[in-house]
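Colleague: Please take a close look at one part of this model and describe its surroundings. Then place that part within the chain as a whole.

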Amino acid sequence: MRHYVGGGFDGSGVPFPLVDPVRGTTAGEAPAASRELVDRAVDAARAALSGPWASWSPAERARLLHRIADGIEARFEEFVDAECADTGKPRELASTVDIPRAVANFRSYADLLVGRAERSWNTPTPDGRGALNYTVHKPLGVVAVISPWNLPLLLLTWKVAPALATGNTVVAKPSELTPGTACLLAEVMAGAELPPGVFNLVHGGGGDAAGQWLTEHPGVDAVAFTGESRTGSTIMRAVAGRLAPVSFELGGKNAGLVFADADLERAVEGTLRSAFTHSGQVCLCTERVYVERPVFDAFAEALAAGARELTGYGPMVSAAHRDKVLGYLGKAAADGRILAGGGVPRFGDDRDGGFWVEPTVLTGLPEDHPAVREEIFGPVVHLAPFDTEEEALALANAGPYGLAATVWTGDVSRAHRVAPALDVGIAWVNTWNLRDLRTPFGGVKASGIGREGGDHSLDFFSEPMNVCVKL
Ligand code: NAD
């Protein structure tokens with residue numbers, strides 16, 4: 001595990017331990033960047049802005065993104081191993097979602113970049129000669145990319161790819177819990193014929209560590225961050241003095257709405273996936289499900305049975321996160337009913353030292369209960385009945401978050417009425433987490449600022465400038 005600064009690897013810094021979430025044992029260590037190293041990374045990124053990188057054409061940058069994607073594919077199994085070792089997630093998930101999506105992130109921005117048109121306007125003037133206005137897109141400059149532990153490579157590359165596509169230079173800081181695939185990415189970058197300093201990587205924690213030092217650094221022109229809403233607020237304060245732009249993908253408390261006219265089997269299967277994929281440690285996971293009263297009991301019974309039968313799921317990422325999730329379950333057991341799970345699975349082998357929580361279905365809690373209102377980010381879903389469409393919408397739209405929601409219905413008019421009325425950035429109808437990388441991705445309220453995906457990311461990472469020429 002090494003930093004990558006100015007085109008060179010660097011192992012300096014006080015080491016911090018990495019823990020295997022499956023067994024709870026120490027699995028290695030990574031170095032925490034000093035403030036001096038963070039300074040060096042920002043300086044290297046700034047210097048690279050005025051080097052040969054500045055004259056790379058969009059087509060050259062697109063070819064670079066494809067080379068990086070090729071580099072990840074060439075070491076696919078190593079990436080899968082590293083992602084599983086850090087997060088404890090099932091291999092199936094890392095090899096079908098995390099690593100292929102990282103490859104797709106680079107390829108999709110490469111393709112978009114090549115087809116991107118600059119706009120121009122012919123403007124009439126009183127003398128009849130007119131003027132030509134045209135827009136050029138410039139990079140923002142040095143961009144800090146700060147990413148979380150749940151989908152480490154996927155979310156890191158989701159920002160690094162468009163940042164490089166638009167000609168910025170990057171200092172990336174992955175989560176201190178999951179630095180492995182970022183290290184491999186730096187190795188791929190080192191072999192991708194990229195000018196030194198265009199991509200830099202520093203490891204370490206958030207507060208009073210590399211994360212904070214990066215966001216406070218006057219040489220950082222913009223911050224692209226995915227993580228907790230609270231951390232987003234802290235970063236906003238850090239950049240406020242210099243008015244640096246931010247792109248924030250933050251927390252959620254996503255609702256599912258199941259109407260009585262839905263295909264119930266499909267709704268149950270979809271909710272099992274949306275609540276328990278990666279043991280609920282995906283920002284898009286459903287944590288609250290509102291079910292129309294006539295089908296509530298049947299849905300609850302089927303979902304609880306499905307949750308009890310789930311196998312092959314992974315652990316929480318850390319002991320601290322496991323304890324946080326179990327804390328919510330303790331409160332929920334006291335104040336409501338547990339229909340499935342609620343505890344820690346026992347394996348009778350070394351996994352008993354890991355950070356496991358059973359897939360859990362809750363019901364009977366009031367809407368202001370912490371387990372219904374706050375983001376748990378674990379394998380926990382709460383069910384509550386509703387009677388009318390208006391009530392369902394009011395329940396889904398309550399609370400501080402607004403990332404995603406899912407509607408299960410067989411009525412096409414209802415689908416089009418309800419989905420756009422949800423206070424979220426992303427609504428799915430009769431599916432969950434079906435993604436087209438060109439579509440806007442992000443949340444409203446405490447779930448984020450700005451949109452990522454396709455042109456939305458390319459727009460964030462570039463500054464449009466107008467040139468007006470009098471003819
Ligand atoms: P986190 O906010 O604790 O940490 C995220 C990153 O920020 C880490 O790299 C961390 O070191 C860094 N960080 C922490 N404090 C910092 C500070 N003061 N200054 C600068 N950097 C700092 O989040 P997490 O626990 O790693 O991730 C889980 C959270 O991420 C959940 O809330 C989840 O909903 C959210 N998330 C959102 C999306 C989305 O697209 N909306 C996607 C994935 C995860």
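Modeller: Val 444 is partly exposed, because its relative accessible area is 25% and that class lies between buried, under 20%, and exposed, over 50% (1.4 Å probe, protein chains only). The model is predicted, so local features need pLDDT of at least 70 and side-chain atom pairs count only at pLDDT 80 or more, while totals for chains, interfaces and linings use all residues. Residues are numbered from 1 along each chain as its sequence is written, and side-chain values use heavy atoms, with hydrogens and water left out.

Val 444 belongs to strand 20 (residues 444-445); strands (E, at least two residues) are DSSP runs numbered from the N terminus. Leaving aside residues up to four places away in sequence, Val 444 touches Tyr 401, Gly 402, Asp 423, Val 424, Gly 425 and Arg 451, where contact means heavy atoms within 4.5 Å. Leu 403 is 41 residues from Val 444 in sequence, yet their C-alpha atoms are 6.1 Å apart.

As for the whole chain, it is divided into domain 1 (3-250 + 447-470) and domain 2 (254-436), with bounds from an automatic or database domain assignment. The contact between them takes 23 residues from domain 1 and 25 residues from domain 2. The centres of the two domains, taken over C-alpha atoms, are separated by 31 Å. One salt bridge is counted between domain 1 and domain 2, a salt bridge being a side-chain nitrogen of Lys or Arg within 4 Å of a carboxyl oxygen of Asp or Glu. Asp 350 and Arg 23 form a salt bridge, with the closest N and O atoms 3.3 Å apart.

Notes:
Helix = DSSP H or I, 4+ residues; strand = E, 2+ residues; numbered from the N terminus.
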